[in-house]
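Open your viewer and keep the selection tool at hand. We will go from stop to stop, picking out a few places and looking at what is there.

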Amino acid sequence: MLYRPESFEPLTDAAWDEERVRNGIRAIVADTDEAFAPKTLWPAHEWDLWDMPAPLKDLYAGAAGVIWALDRLRRGGHADSQIDLPSAAARVLELWRSEADLPSETPVPSPARSSLLIGDTGPLLVAWRLAPSTETADALFERVRENVGNEADELMWGTPGTMLAAQAMHGWTGEERWAQAWDESAEALLARRDEDGLWTQRVYGTEFRDLGPVHGLVGNVHVLLQRAGHEALADEAAGLLGRDAIVEDGLANWPAYAGGELVPRDGEIRLQWCHGAPGLVATAAPYLDEELLLAGAELTWRAGAHRAEKGAGLCHGTAGNGFTFLKVFERTGDERWLDRARRFAVHALAQAQASASRYSLFTGDVGVALFAAACLDADSRFPILDWH
């Protein structure tokens, strides 16, 4: 068995309708605007809070991610938030400086503050994007440089995340210091690679060798392929993914950890963006063996949408799985995959409408809105991993 059917639900019968989808995006933005408080930002979902203090300010599940999503939707012409986004981003930094929303009890990698998704690298990047300043850029540059030796070796906490920030800043500014910072980080990251081409992650007091985009191989390789000179990594990663793929009847899934079992100790087979076929296919789409690419995407399609426990969001929900089809459409040009992505978008929007609002980029409603917008535009770029 490659997945647990009881964890998924059939897709809605509602057809793709562009105007209805646009209205769904606008409704999410309007609700997000209404819930915003200039002093305290947005209320946090209990799961997102974990053991961190409210309000959440980070890029993953906090205000910085929501602000970035609202700005992306505005720039794309999909919805225009009524919030003063530059002021909101400045407030995020102000609150961060008074109390960082880092886990209080869980062991985290060092240096934790430099994390792209959980630290203040994300809020600094969003603040600069909305209101460029030398002070913000210099603070962000300091974070990128101090994260070169981070022990995590994955995208959420480690060097790959701050490499994404450096690459984005280089693209936006053209300043050579960002390219140099990226190169410095790439050299350090590659030096820590295991002999077999994987990396050992040291996160939350444990060590593991993950395959996925957030904590593992394909996320690291995705970042390293952003600049020329590392093309050989694609073939090496494709070989590793081929070795660990579990294939049954033309369908494929992957374990979370290299060489591991598909069914971990908790008994849950993960088929979501952060772990399993959807994220591996989406992130490795440019180089993954095409037979495996299609086998992983087909499994994702046949499974259907995540139920309410996982929800509609990007990280482990329906929208994240749907990006798989946009990536396969980009590689193959087969319109069937774009149609499938749009079916997932209709379902994800309905899920978001039917459940309590969640103000988060990776786990909440604005992530669903970004996926729906991507389906309107036939744009496969994944939020944050594909900065634009």
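One term before the first stop: a crossing of two helices is left-handed if the near helix is turned anticlockwise from the far one by less than a right angle, and right-handed if clockwise. What you have open is a predicted model, where local features need pLDDT of at least 70 and side-chain atom pairs count only at pLDDT 80 or more, while totals for chains, interfaces and linings use all residues. Residues are numbered from 1 along each chain as its sequence is written, and side-chain values use heavy atoms, with hydrogens and water left out.

**Stop 1: two helix pairs**

Select residues 159-173, helix H7, together with residues 176-191, helix H8. Helices here are DSSP runs (H or I, at least four residues), numbered from the N terminus. The H7 and H8 axes lie 8 Å apart, at an angle of about 160°; axes are lines fitted to C-alpha atoms over the stretch in contact, and angles run from 0 to 180 degrees between N-to-C directions. H7 and H8 are therefore roughly antiparallel (an angle over 145 degrees). Their crossing is left-handed. Now show side chains: on the H7 side, the contact (heavy atoms within 4.5 Å) includes Met163, Met169 and His170, and on the H8 side it includes Trp178, Trp182 and Leu189. By class, this contact has nine nonpolar, five polar and one charged residues. Ala, Val, Leu, Ile, Met, Phe, Trp, Tyr, Cys and Pro count as nonpolar, Asp, Glu, Lys and Arg as charged, and the others, Gly among them, as polar.

Next, select H11 (residues 277-284) and H13 (residues 318-332), whose axes come within 8 Å and cross at roughly 30°. This crossing is left-handed too. Pro278, Val281 and Ala282 of H11 touch Asn321, Thr324, Lys327 and Val328 of H13. Four of these contact residues are nonpolar, two polar and one charged.

**Stop 2: the largest pocket**

Which residues lie nearest the centre of the largest pocket? Select Trp47, His215, Arg270, Cys274 and His275 to see them; 35 residues line the pocket. A pocket is an open set of points on a 1 Å grid over the protein atoms alone, with protein on both sides within 12 Å along at least five of seven lines, and lining residues have an atom within 4 Å of a point. Its volume is about 1100 Å³, meaning the space filled by probe spheres set on the points, which are joined across faces, edges and corners. The lining divides into 18 nonpolar, seven polar and ten charged residues.

**Stop 3**

A cavity is a set of points where a 1.4 Å probe fits but cannot get out. Select its lining, including Leu41, Trp42, Leu56 and Tyr359: eight residues are nonpolar, one is polar and none is charged. Stay on Leu41, which has a positive phi of about 70° although it is not a glycine. Leu41 sits in the loop between H1 (18-35) and H2.

**Stop 4: two cis peptide bonds**

Ala54 and Pro55 are joined by a cis peptide bond, with omega about 0°. Pro55 is in the loop between H2 (46-49) and H3 (63-75). Finish at Ser110 and Pro111, where the peptide bond is also cis, with omega near 0°. Look for Pro111 in the loop between H4 (85-98) and H5 (121-130).

Note on methods:
Angles under 35 degrees count as roughly parallel, over 145 as roughly antiparallel, 65 to 115 as roughly perpendicular and the rest as oblique.
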